[in-house]
Amino acid sequence: MKNIFSYGRSLYSPSRLTRTIALICASVMLAGCPAEKQASAPAPSANGKIVIRGSNTIGEELAPRLITEFKKDHATADFDLVTKATGYGLAALRAGQCDIAAASRAATKEELSEATRMNVALNDHVIGAYAVAVVVNPKNTVANLTREQVRDIFTGTIQNWKDVGGPDLPIHIYARDPISGTYLGFKELAMEDKPYAESRKLATSYGGIAEQVGQDDGGIGYVGVGTMKDSSVKYLPVGGVEPTAASVNDGKYPYARQLHLYTRKDREVASKDFVEFVQSAKGQEILAQMGFVPHQ
């Protein structure tokens with residue numbers, strides 16, 4: 001403020017004052033809109049790190065595991081990973097603030113239009129799918145649930161198995177912990193973003209859910225479709241569609257979303273090897289091991 005006031009009266013002439021205010025407003029707008037300001041910034045990897053921003057679904061467990069395996073053959077590779085949401089990652093990529101945007105959905109028309117407006121060309125690398133299977137105790141006689149029934153069970157509207165053709169038994173819900181991307185992902189895919197029933201019990205992994213449901217005759221939960229090797233639970237079709245890798249890749253299974261790694265066409269050198277690794281047989285094997293569906 002000292003420097004502003006030192007200019008004296010000339011600062012407060014109408015034209016001078018108008019220009020000053022305009023400059024201040026423009027500075028504030030640029031500070032709040034990094035995508036505009038930094039669209040032509042140097043690639044983040046110039047500092048030696050591959051910078052990844054984006055989805056919690058990818059960033060929570062999958063990306064760290066992929067990075068660890070990638071570094072076994074690329075010892076000098078360095079990564080900077082921060083995940084909050086798909087939109088956050090795509091905005092950072094457009095702004096030149098990261099090398100890879102990890103996305104648990106396809107970019108929207110608005111996001112693609114914004115990239116075009118900023119003269120940023122994107123490459124879309126599909127790496128697999130996030131897909132969730134509904135599981136119950138093997139003793140449960142229910143053989144299928146509709147999407148509406150799944151929604152009403154997990155939100156607490158339906159509380160007894162007899163209301164969906166099963167035994168006269170209270171329903172016990174098992175879900176991932178709230179900080180998990182899967183907790184939110186299932187809420188969006190299967191529950192129309194409605195809140196979970198307050199009676200839900202939490203687990204820190206798919207394995208934890210399967211273990212608890214396998215020991216509870218009235219239990220219901222969810223696990224990754226890619227982990228369908230657990231005989232302690234029964235996997236239910238939803239709307240008559242079996243939760244399999246084939247039904248996911250065919251686009252028939254309802255509780256699934258494709259996973260993407262987006263890059264900028266003008267700065268792919270640093271990220272190229274990592275993206276190719278994720279799409280390789282080894283990378284796809286890791287996806288399957290962690291409950292995701294490999295891309296076909």
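**Terms and the values behind them**

Modeller: Of the 296 residues in the chain, 47% are buried, where buried means under 20% relative accessible area, exposed over 50% and partly exposed in between, with a 1.4 Å probe and protein chains only. This is a predicted model, in which local features need pLDDT of at least 70 and side-chain atom pairs count only at pLDDT 80 or more, while totals for chains, interfaces and linings use all residues. Residues are numbered from 1 along each chain as its sequence is written, and side-chain values use heavy atoms, with hydrogens and water left out.

Colleague: What does the secondary structure of the chain come to?

Modeller: The chain has 13 helices and ten strands; these are DSSP runs numbered from the N terminus, with helices (H or I) of at least four residues and strands (E) of at least two.

Colleague: What makes Ser55 buried?

Modeller: The relative accessible area of Ser55 is 2%. The limit is under 20%, so Ser55 counts as buried. Ser55 sits in the loop between strand E1 (50-54) and helix H4 (56-59).

Colleague: Which residues is Ser55 in contact with, leaving aside its neighbours within four places in sequence?

Modeller: They are Thr83, Ala85, Thr86, Ala102, Ala103 and Ser104, contact meaning heavy atoms within 4.5 Å.

Colleague: Why is H12 called oblique to H13?

Modeller: The axes of helix H12 (residues 269-279) and helix H13 (residues 281-289) cross at roughly 60° and come within 4 Å. Angles under 35 degrees count as roughly parallel, over 145 as roughly antiparallel, 65 to 115 as roughly perpendicular and the rest as oblique. H12 is therefore oblique to H13. The axes are lines fitted to C-alpha atoms, for helices over the stretch in contact, and angles run from 0 to 180 degrees between N-to-C directions.

Colleague: Why are H5 and H12 described as roughly perpendicular?

Modeller: Helix H5 (residues 62-71) and H12 pack at an angle of about 110°, their axes being 11 Å apart. H5 and H12 are therefore roughly perpendicular to each other. In this contact, Leu66, Ile67, Glu69 and Phe70 of H5 meet Asp273, Phe274, Phe277 and Val278 of H12.

Colleague: Which residues of helix H8 are buried, and what do they pack against?

Modeller: In helix H8 (residues 147-154), the buried residues are Val150, Arg151, Asp152, Ile153 and Phe154. They pack against strand E4 (122-136), strand E5 (172-176), helix H9 (181-190) and strand E7 (219-224).
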